[in-house]
Amino acid sequence: MRALLAGLILLALALPAYAAPAAPAPAAAPAVAAGSVVTEEELRQVIREFLVKKTEHLSAQVVVKKIGVSGDLKLPAGKASFEVVAPNRWEGYGSTSLALIVRVDDQVKKNLTVQVEVEALAEMVVATRTLERGEVVSAADVALDRRDLAHVQGRFSRTPDEVVGLRVKSAIRANAPLRGDYLERVPVVKSGQLVTIVAENDVVRITATGRAKLSGAVGDTISVQNLSSQKEIAARVVDATTVKVDF
């Protein structure tokens with residue numbers, strides 16, 4: 001029995017050791033380029049920050065009503081930066097198209113067109129009634145109200161003092177903003193009337209009679225004919241009867 005056991009042991013030592021089959025090597029994962037994603041909200045925030053700076057000079061209540069960005073933006077790996085460019089003459093209100101330039105490591109990767117709409121409400125002078133051509137504006141004819149700057153193309157008056165006493169050049173409907181190009185100063189000197197021409201400095205004062213060749217409001221420079229010399233000179237209107245030559 002002992003001889004049989006010894007034989008079996010010797011046989012086992014003579015055979016090669018059994019090894020379990022090796023597991024197959026995992027398949028190599030496909031290479032994926034590292035990159036980044038800029039979310040839609042992040043893109044909107046870039047535009048909002050630009051619009052805040054663009055409109056800070058307006059002295060108006062600014063509301064961004066539309067930012068035409070849709071979806072996230074996938075970019076290659078690197079440091080991303082953004083630049084927003086507006087049309088040269090855009091004042092910051094109304095509707096327009098902005099260019100959103102996206103760079104990665106200072107190289108342009110995207111150039112997007114973004115539609116925006118901005119409401120800018122500013123206090124301005126409006127007519128309380130219809131003002132006809134030739135009327136002189138009084139304090140009772142105007143009031144202050146908030147209006148969108150886009151509807152007046154930036155041409156409006158901020159205080160009643162700017163318009164009271166001016167004459168209406170073309171009819172202005174009730175509740176409409178008063179624009180400076182719709183008004184003019186009331187002439188106090190009429191074309192053809194006689195005026196006193198005054199020329200003076202710290203040493204001497206000279207006066208002469210002249211005839212206005214043009215109508216003019218106080219502060220206007222008009223052409224006046226000196227009746228003594230028959231020469232025409234430029235003079236500044238002082239009041240309804242006097243013009244002044246500065247020398």
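How far apart should the ends of helix α2 be at 1.5 Å a residue? See the first view below.

This is a predicted model, where local features need pLDDT of at least 70 and side-chain atom pairs pLDDT 80 or more, while totals for chains, interfaces and linings use all residues. Residues are numbered from 1 along each chain as its sequence is written, and side-chain values use heavy atoms, without hydrogens or water.

**View 1. Helix α2 covers residues 40–55.** Its 16 residues should span 22 Å, and the end C-alpha atoms are 23 Å apart, which agrees.

View 2. L43, I47, F50, L51 and T55 are buried (under 20% relative accessible area; exposed is over 50%, with a 1.4 Å probe and protein chains only). They cover an arc of only 120 degrees around the axis, so they sit on the same side of α2; the arc uses directions from the helix axis to the C-beta atoms.

View 3. D148 is buried but has no salt bridge (a Lys or Arg side-chain nitrogen within 4 Å of an Asp or Glu carboxyl oxygen). The nearest side chain of opposite charge, K65, is 6.5 Å away; Lys and Arg count as positive, Asp and Glu as negative, with His and chain ends not counted.

Methods: Helix = DSSP H or I, 4+ residues; strand = E, 2+ residues; numbered from the N terminus. Expected span 1.5 Å × (residues − 1).
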